[in-house]
Amino acid sequence: MKKIIIKGGAKLHGSINISGSKNACLPILAATLLIEEKVTLHNVPLVRDILTMVSLLESLGKSIKIKKNILEIKSQKKKNFFAKYDLVKTMRAGILVIGPLLAKLNKAKVSLPGGCAIGARPVDIHLDFLSKKGYQNKIINGYVVSKKKKLRKQLSYLFKKISVGATETAILNSCLSNSEVRLKNIAIEPEVFDLINFLISAGANIKSTSKRTLLIKGVNNLQGTEYNIMPDRIEAGTYMIASIITKSKIILNNIFPDHIKNIIKVLKNGGIKFKFISDSSLKIFPNKPKPLKIKTVPYPGFPTDMQAQLMSLLTLTKGSSEITEDIFENRFLHVLELQRMGATIEIQNNKAKITGVESLSGAEVMATDLRASVCLVLAGLVAKGETVINRIYHLERGYENLVGKLKKCGAKIKIIDA
Ligand code: UD1
């Protein structure tokens with residue numbers, strides 16, 4: 001079992017290159033199922049979830065070459081419509097293959113997904129869209145089994161709740177078809193627009209008609225394309241917190257300023273200063289942080305994927321802070337572990353009340369989900385003594401070379417295989 005060991009207290013210096021976005025790359029990989037010709041993707045983060053999606057696509061009829069952070073994806077003659085449990089169980093994004101499989105092959109059998117243990121995370125909205133579009137869906141032995149019934153030529157679909165994944169499923173299913181689909185109340189996370197831009201580069205006809213509305217006119221064919229995955233805004237936000245919590249000035253490279261405005265705004269309210277030193281580089285000036293009251297909401301609000309990291313910072317911020325988690329119902333699993341390190345946090349339903357303490361102390365802790373794991377790393381960077389983080393496979397699902405990047409900046413961090 002691999003563990004991360006951190007000796008807290010080291011200052012960070014220098015710069016960190018932000019990798020490509022995992023959450024943008026996953027639906028884009030699923031979208032390659034719609035394309036017969038060669039697709040080349042650049043700036044692909046080589047993290048476990050991406051490698052799982054690569055294996056899933058290979059099982060469905062793609063051949064994929066990985067050269068550093070570039071993926072070359074070609075089609076094999078033999079196609080498959082069966083996404084096995086083994087390949088989908090660790091990663092919720094596995095469900096994203098259902099939309100393209102149905103668009104291409106008119107049938108799909110996809111395991112119900114796994115992923116982080118942060119709530120019930122159903123797929124009812126994905127399936128509701130597909131059934132309104134004209135597919136029949138049944139849940140049989142843990143699989144969604146879907147097939148074409150009578151497809152609608154025109155559909156206006158209103159999402160009952162904003163969902164990133166369900167928006168992506170609807171887009172993935174609609175662009176290669178003989179139909180016109182209007183999607184209302186869509187998720188407008190930058191990753192959704194990276195998927196749209198990728199599909200447009202392959203010849204899709206997708207128009208944004210108002211803030212949360214898309215019009216997709218199906219086309220007969222999508223062609224091969226070459227595309228650069230957007231930078232990971234959550235990774236950037238995570239290293240912002242690493243800089244602030246360790247009171248170190250570091251520079252982040254390969255960022256897209258517009259995507260991280262929401263995170264910067266919250267941290268500025270918390271007294272932190274930032275300077276863009278180029279179009280894609282940001283310097284962080286970690287003044288004394290002030291307490292914050294925030295709520296996680298869909299983009300452009302503060303992201304749920306940054307909640308745990310912000311909480312680590314607030315445990316050491318003098319005064320009382322409050323975080324309301326409004327996206328996932330069970331996303332405070334890290335609280336118990338932070339408490340073991342000396343944090344003062346009280347949970348009331350979906351609210352966490354945090355009272356800043358002078359210092360945290362190193363402890364042996366357990367990573368429970370992707371972002372919860374990284375919040376323990378952040379806490380470990382400043383905790384007194386040694387922090388040992390178990391179950392780090394969660395971290396490997398979503399952060400490219402986290403330990404290497406922090407080490408290069410001076411953190412006393414290592415991975416051991418014990
Ligand atoms: C994506 C991100 C994840 C992020 C989340 C919210 C990927 C691979 N993952 O997850 O990192 O935390 O967006 O920004 O991109 N819901 C339903 N029924 C559905 C679908 C969703 O009730 O069919 C609920 C979920 O349980 C949750 C909320 O809707 O409470 C939002 O989930 P959603 O936006 O779909 O998240 P994911 O796409 O799973």
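Where is Ser21 found? In this predicted model, Ser21 sits in the loop that runs between strand S2 (15-17) and helix H1 (22-31). A residue counts as buried when its relative accessible area is under 20%. Ser21 has a relative accessibility of 1%, so Ser21 is buried.

The surroundings of Ser21 can be described residue by residue. Leaving out residues up to four places away in sequence, Ser21 touches Pro45, Glu191, Ile229, Met230, Pro231 and Asp232. A polar atom in the side chain of Ser21 also lies 3.4 Å from the backbone nitrogen of Asn23.

Asn23 leads on to the ligand. An N or O atom in the side chain of Asn23 is 3.0 Å from an oxygen atom of the ligand. Asp305 also places a polar side-chain atom by the ligand, 2.6 Å from one of the ligand's oxygen atoms. With Val164 the backbone takes part: one of its N or O atoms lies 2.7 Å from a ligand oxygen atom. On its own, the ligand exposes 740 Å², and the protein buries 88% of that area.

Which elements give two or more residues to the shell around the ligand? They are helix H5 (124-133) and helix H6 (164-174). H5 gives the most, with three residues. In total, 17 residues surround the ligand, and the closest are Arg92, Asp124, Ser163, Asp305 and Ile327. Sorted by class, the shell holds six nonpolar, five polar and six charged residues.

Is Ser321 buried or exposed? Its relative accessible area is 4%, and because the limit for a buried residue is under 20%, Ser321 is buried. The strand around it is mostly covered too, with four of the five residues of S19 buried.

Ser321 has contacts beyond its own stretch of sequence. Apart from neighbours within four places, Ser321 is in contact with Pro291, Leu292, Leu314, Ala352, Lys353 and Ile354. For Leu292, the backbone nitrogen lies 3.0 Å from a polar atom of the Ser321 side chain.

Strand S18 (residues 293-295) pairs with S19 in the parallel sense, over three bridges. Within this arrangement, Lys295 stands opposite Thr324 in S19. In a regular strand, side chains alternate between the two faces of the sheet.

Terms used
Residues are numbered from 1 along each chain as its sequence is written. This is a predicted model: local features need pLDDT of at least 70, side-chain atom pairs count only at pLDDT 80 or more; totals for chains, interfaces and linings use all residues. Side-chain values use heavy atoms; hydrogens and water are left out. A residue is near a molecule or strand if one of its heavy atoms lies within 4 Å of it. A polar contact is a pair of N or O atoms within 3.5 Å; within protein, one must be able to donate a hydrogen and the other to accept it, and residues adjacent in sequence count only if both atoms are side-chain atoms. Accessible areas come from the Shrake-Rupley method with a 1.4 Å probe; for residues, only the protein chains shown count as cover. Ala, Val, Leu, Ile, Met, Phe, Trp, Tyr, Cys and Pro count as nonpolar, Asp, Glu, Lys and Arg as charged, and the others, Gly among them, as polar. Buried means under 20% relative accessible area, exposed over 50%, partly exposed in between (1.4 Å probe, protein chains only). Contact means heavy atoms within 4.5 Å. Two strands pair if DSSP finds at least two bridges between them.
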